[in-house]
Amino acid sequence: MVKSSTYHKEKSKKWQTDISKIDNWYYDEEENTWTCANGRNLVFRYESKDTTESGFEIRHRHYHSVSCEGCPIKSACTKAQGDREVRVSLRYMRYKQQVREKLRSEEGYALSVRRMIEPESVFGQMKNNRGFRRFLLRGLPKVSLEVGWLSLAHKLLNQAAIDQNRKIALQE
């Protein structure tokens, strides 16, 4: 379970009251229409397919407003000169909603808190205490090797510190 890139922003009051965000609109599954904050419908026009660099296929559904003419909140809704158009991946929106619900559950919250704490301290140690600011090598295989060496060095230095503390404790 991975948070979306906008997960923390979505929790803010500013995001939840932003009428330009399609997450704050109503979707009618039977009619296949979106309703904006002013109550105007955006109707389905066509579906397109995009392929990511990794080869994953994304289906986008394109919706177009019947008319934004004379809308008092158009300037807050869109910067477009004409009517409002949106491109939506319903699969992505469903997935995002499922993740939101899981993260808001007690078990999901506990897992996300634990996950945040575990790697952050390691990266903080590498950056602040070990002076690691950037990779010296280029290319995924070389960077993976460099991360492996950094991780090994981090683990060995931690183990050395633990052994040193034990030795001091035994001497006292």
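Relative accessible area sorts residues into buried (under 20%), exposed (over 50%) and partly exposed (in between), with a 1.4 Å probe and protein chains only. The model is predicted, so local features need pLDDT of at least 70 and side-chain atom pairs count only at pLDDT 80 or more, while totals for chains, interfaces and linings use all residues. Residues are numbered from 1 along each chain as its sequence is written, and side-chain values use heavy atoms, with hydrogens and water left out.

Rings of Phe, Tyr and Trp (its six-membered ring) are paired if their centres lie within 6.5 Å, and planes under 30 degrees apart are called stacked, over 60 edge-to-face and the rest tilted. Four such pairs are present. In one of them, Phe44 and Tyr63 have ring centres 5.8 Å apart and planes at 65°, so the pair is edge-to-face. Because Phe44 belongs to strand S3 (residues 41-51) and Tyr63 to strand S4, this pair ties together parts that are 19 residues apart in sequence; helices (H or I, at least four residues) and strands (E, at least two) are DSSP runs, numbered from the N terminus. Tyr63 is buried at 1% relative accessibility, whereas Phe44 is partly exposed at 31%. Phe132 and Phe135 form another edge-to-face pair, 5.3 Å centre to centre with 75° between the planes. Here Phe132 is buried, at 17%, and Phe135 is partly exposed, at 30%. Ring pairs also link Tyr27, Trp34, Phe44 and Tyr63 into a cluster.

A charge is placed over a ring if NZ of Lys or CZ of Arg is within 6 Å of the ring centre and within 35 degrees of the ring normal. Lys21 lies likewise over the face of Trp15, at 4.6 Å.

A pocket is an open set of points on a 1 Å grid over the protein atoms alone, where a 1.4 Å probe fits, with protein on both sides within 12 Å along at least five of seven lines; lining residues have an atom within 4 Å of a point. Volume is the space filled by probe spheres set on the points, which are joined across faces, edges and corners. Among the lining residues of the largest pocket are Tyr27 and Trp34, and helix H4 (residues 90-104) gives the largest share, five residues. The second largest pocket holds about 230 Å³, and Arg61 is one of its lining residues.
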